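Let's take a walk through this structure together.

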Amino acid sequence: MTATKAIHLAYPFTEEAVRALHAGEQVLVSGKVFTGRDRFHKHFADGGALPFDFRDAALFHCGPVVVQEGAKWRVVAAGPTTSVRENPYEPAFIAASGVRLIIGKGGMDKATLDACARHGAVYLQAVGGAAALTAQTVRRVVDVKFLEEWGAAEACWQFEMHEFPCVVAMDAHGGDLFAAVRERSAKTLANLLSFN
Amino acid sequence: MTLHEKLLELIANTASHLPADATAALEEAASREEAGSAAEMILRTLLANAALAAASRTPMCQDTGTLTFFVPHALRGAVTPEAIAAAVREATAKGLLRRNTIDSATGRSYDDNTAPGAPVIHYTDSSTRTIRLLMKGGGSENMSTQFSLPDATIAAGRDLEGVRRAILHAVHRAQGYGCAPGILGVCIGGDRATGYECAKLQLLRDLADRNPDAALAALEERTLAEANTLGIGPMGLGGRTSLLGVKIAARPRVPASFFVTCAYLCWAARRGSIEI
């Protein structure tokens with residue numbers, strides 16, 4: 001991995017800006033970020049209407065801890081959740097919504113990687129467990145949908161984020177950091193165990 | 001301070017304070033990574049997050065985990081399951097713990113984090129007056145694994161070389177999914193249940209301690225060094241540190257069984273203690 005300086009990405013995340021990214025680069029995400037995890041993806045797969053306009057925005061696999069203060073919401077903790085559970089739905093969601101950034105933890109499958117290349121999107125790895133720090137990058141809670149039906153962790157939140165640190169893990173050119181690390185580590189393991 | 005207040009303090013501290021040895025290990029790992037790399041950025045973010053959580057006394061991770069209390073038998077009269085449950089209920093109400101306890105048959109949430117079997121309490125034969133608490137998140141728990149040797153798929157026989165092979169395969173299978181760089185607690189032997197119990201107990205050890213058994217100490221050092229050549233790195237994105245520690249213990253077994261149990265703990269190694 002080469003030394004890089006973080007690239008600032010601000011909403012609207014254009015196709016051009018997203019296609020210029022490469023796996024391994026560090027980014028700071030500012031602007032329109034929606035949360036959506038298991039219930040949201042099931043809702044979409046069942047033919048439900050999208051609650052927001054996701055075009056050129058970001059989808060964050062996250063179940064935040066939020067507290068209500070008067071009429072406003074404050075985010076206390078907001079780390080990424082494991083993304084593989086959304087593999088069956090993400091390619092169709094990327095195609096239908098025009099979303100540019102998928103943010104989560106652990107990476108996604110080849111079908112999602114292919115959808116990123118086809119439609120001009122990237123998968124960003126947020127820092128797992130860094131929930132207190134990530135919550136501080138949420139500048140404002142703009143809106144929320146499905147709060148009553150799904151509860152606070154599953155609801156679809158609209159955040160205004162500021163310099164949310166992530167790493168490009170899957171790019172729009174077929175680059176997949178997780179796959180590369182898996183392959184390389186398998187070779188090292190085979191070497192370690194073949195002579196001792 | 002009343003017992004209730006002490007138990008509440010234990011929960012709050014454990015959720016928000018990264019132990020000094022884990023902090024030191026993450027700092028050392030950050031200094032080993034290439035300056036400006038994604039691996040270094042992730043490690044620095046983890047450290048900044050831990051500092052913020054401690055200063056603001058908020059949970060460092062949104063998954064506040066399975067609560068496992070270790071209580072010396074001598075304290076059993078005072079530190080009852082009911083006393084611990086009362087502290088857990090209050091900590092949950094105060095937002096120190098996420099609503100994190102689900103009825104596995106019905107899917108219903110136990111909103112106060114208490115139910116038959118939750119939290120987990122072990123009464124130990126320790127002669128101290130120290131209560132210990134481990135808060136282990138689900139992401140790392142999903143990466144724990146148990147081998148039954150011999151295991152032809154990893155060419156592991158019933159000796160320490162077989163144990164070494166099992167450990168390295170466990171680290172490789174976990175990749176970054178358990179929030180690497182993590183800590184591996186290992187039990188050689190026991191039965192399936194005591195194997196996991198003993199492996200988890202190793203996660204309470206200080207990262208800088210030295211195993212009194214020379215052979216196990218050597219195996220800990222060797223497997224840690226080898227695991228860190230795998231290049232898995234922080235969060236599985238590549239890097240020089242994949243594990244912060246390997247801690248191994250052995251338990252007696254029956255002739256027919258030879259288990260190697262590996263308990264994976266994420267970098268947010270939330271283990272706390274308090275004197276009663």
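Start where the two chains meet: 39 residues of chain A are in contact (heavy atoms within 4.5 Å) with 40 residues of chain B. Before going on, keep in mind that this is a predicted model, where local features need pLDDT of at least 70 and side-chain atom pairs count only at pLDDT 80 or more, while totals for chains, interfaces and linings use all residues. Residues are numbered from 1 along each chain as its sequence is written, chains are lettered from A and ligands numbered from 1 in the order in which they are written, and side-chain values use heavy atoms, with hydrogens and water left out.

What holds our attention at this interface? The area buried between chain A and chain B (the accessible area, with a 1.4 Å probe, that two parts lose on being put together, summed over both) is about 3300 Å², and carbon and sulfur atoms give 65% of that. On the chain A side, β7 (122-126), α5 (131-136), β9 and α7 (177-194) each supply at least two of the residues that touch chain B. These helices (H or I, at least four residues) and strands (E, at least two) are DSSP runs, numbered from the N terminus. The top contributor is α7(A), with 11 residues.

Now move to helix α2 of chain A, residues 38-45. Its buried residues (under 20% relative accessible area, where over 50% is exposed and in between is partly exposed, using a 1.4 Å probe and protein chains only) are Phe40(A), His41(A), His43(A) and Phe44(A). Looking down the axis of α2(A), you'd see these buried residues fall within an arc of 155° (taken from the directions from the helix axis to the C-beta atoms), so they line one face of the helix. After α2(A) comes Gly47(A), with a positive phi near 95°.

Finally, hop over to chain B and find Lys136(B) in strand β3, residues 130-136. Is Lys136(B) buried or exposed? Lys136(B) is buried, at a relative accessible area of 3%. Its side chain reaches the backbone oxygen of Tyr264(B) at 2.7 Å. Strand β3 of chain B also holds Thr130(B), which is buried too, at 16%.

Methods: Polar contact = N/O pair within 3.5 Å; in protein donor to acceptor, adjacent residues only side chain to side chain.
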